[in-house]
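Here are my notes after a pass through the file you sent. Have it open while you read, and tell me if anything looks off.

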Amino acid sequence: MKQIGNLLLLLIFPTLLFGQIDSTKSKLSFQGDFRFRVEQDWSSRKSDGTYRNDRTRLRYRARFGVEYQYKDWLSFGARLRTGDPKKQQDPQLTLGDSFKEFGTLPISFEKIYVKFNHKWFSSWLGKNAFPFEKQNELFWSDNVFPEGISLSGSFNLEGNFINALQVNTGHFIVASNGSSLDKDASFQGIQVVTTHLQKRLKLFPSFYYFNNIPNIPDGNETFVMDYAILHIGAKFIIVPEKQITAGFDFYQNVKNYDNNPTISKEISNQKQGMITSLSFGNLKKSGDWKLNFTYSFLEKFAAVDFFAQNDWARWDYSSQGSNDGRLTNFKGLEVMGGYAINQSMNLKLRAFFVNQIVPLGIEKENGNRVRLDFNIKF
């Protein structure tokens, strides 16, 4: 922890040193955020038919990052966060939980990378944000940062049919086994993003291949498996003046698990997902409001559940030795209402209502959750 503290000071020190320098001349840029959350869960049924205890939690998260522009085409960056390093999907800390009697807090790097940009080409190496276009966290959590190489090409076409074109691809290591790359747990992705109708319509078909992925995270797997997931995504701005937007995502895992003896017949064909959303407004300036509705139907193998969000319900792998979530094999609704206090602060109220698709025990699991977040960024 002392070492982490020293690293944090090394990141913060440039802020004090260069704080008075004109930002247009400085090669250093900084960003950070803080979140405080009130959360209530109720009526959450387990697979054995019993109910989890209703739960109220007070939680928080803090992050701080720095980027250094070394050349016009080359930059370096890193970001620290609070949160248990073993819980990749969840950087939140709960007041009084695991750090009792006012002990020290866990802090770790969530990003560290080198980035290249030259004309139409961009790339990064290291550990960074998910480099593919997405409009929610139901396939990939914003808190999960892949390690590897990302390559992108962007082209402004200004055509009548296609306004712009972007191609994203990359190779990322989930877990190295010290042998050849094909033996690693890894994933590759390729995506084409096009915009149409004066940039009101965005389409982003993608293909992701996951190799040797454990069925249970954190080294507790009983077998490994592959995923080959086709994704078709679309976002349409219905009324630009009112910021009314609709979104759609379809996922299809094309791998055949019928002859896999380690996967039960009840879930071997659970490989599709569909997500629809409708939003009104945005939270860009003081007094702005936003309302969003998201419906999700995500079967067991339509995504890798411990890379996806863990917001919607209290389902995890704790009984199998991991704190990571398992948020696939569910259908449900999220309702979100937000209010911008100013450009840097907002409030978001989110409610989730979830039911399992295929029971893994004698009963289908479910869950109900409401959250109020106070967010600050700088």
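This is a predicted model: local features need pLDDT of at least 70, side-chain atom pairs count only at pLDDT 80 or more; totals for chains, interfaces and linings use all residues.

1. Start with strand 1 (residues 28-42) and strand 2 (residues 55-71). They run antiparallel and are joined by 14 bridges. If you want a pair to click on, take E39, whose bridge partner in strand 2 is R57.

2. Strand 2 also pairs with strand 3 (residues 74-82), again in the antiparallel sense, this time over eight bridges. The two form a hairpin, with two residues between the strands. For a landmark here, look at E67, which stands opposite G77 in strand 3.

3. Strand 2 has a further link, to strand 4 (residues 93-94): two bridges join them, and the strands run antiparallel. Look for R59, which has T94 of strand 4 as its bridge partner.

4. Now to N310. You'll find N310 in the loop between strand 15 (289-298) and strand 16 (330-340). Is N310 buried or exposed? Its relative accessibility is 16%, so N310 counts as buried, the cut-off being under 20%.

5. Which residues does N310 touch, once its neighbours within four places in sequence are left aside? The contacts are Q89, D90, G325, L327 and R369. As for F280, it sits 30 residues from N310 along the chain, and the C-alpha atoms of the two are separated by 24 Å.

Note on methods:
Residues are numbered from 1 along each chain as its sequence is written. Side-chain values use heavy atoms; hydrogens and water are left out. Two strands pair if DSSP finds at least two bridges between them. Helices (H or I, at least four residues) and strands (E, at least two) are DSSP runs, numbered from the N terminus. Buried means under 20% relative accessible area, exposed over 50%, partly exposed in between (1.4 Å probe, protein chains only). Contact means heavy atoms within 4.5 Å.
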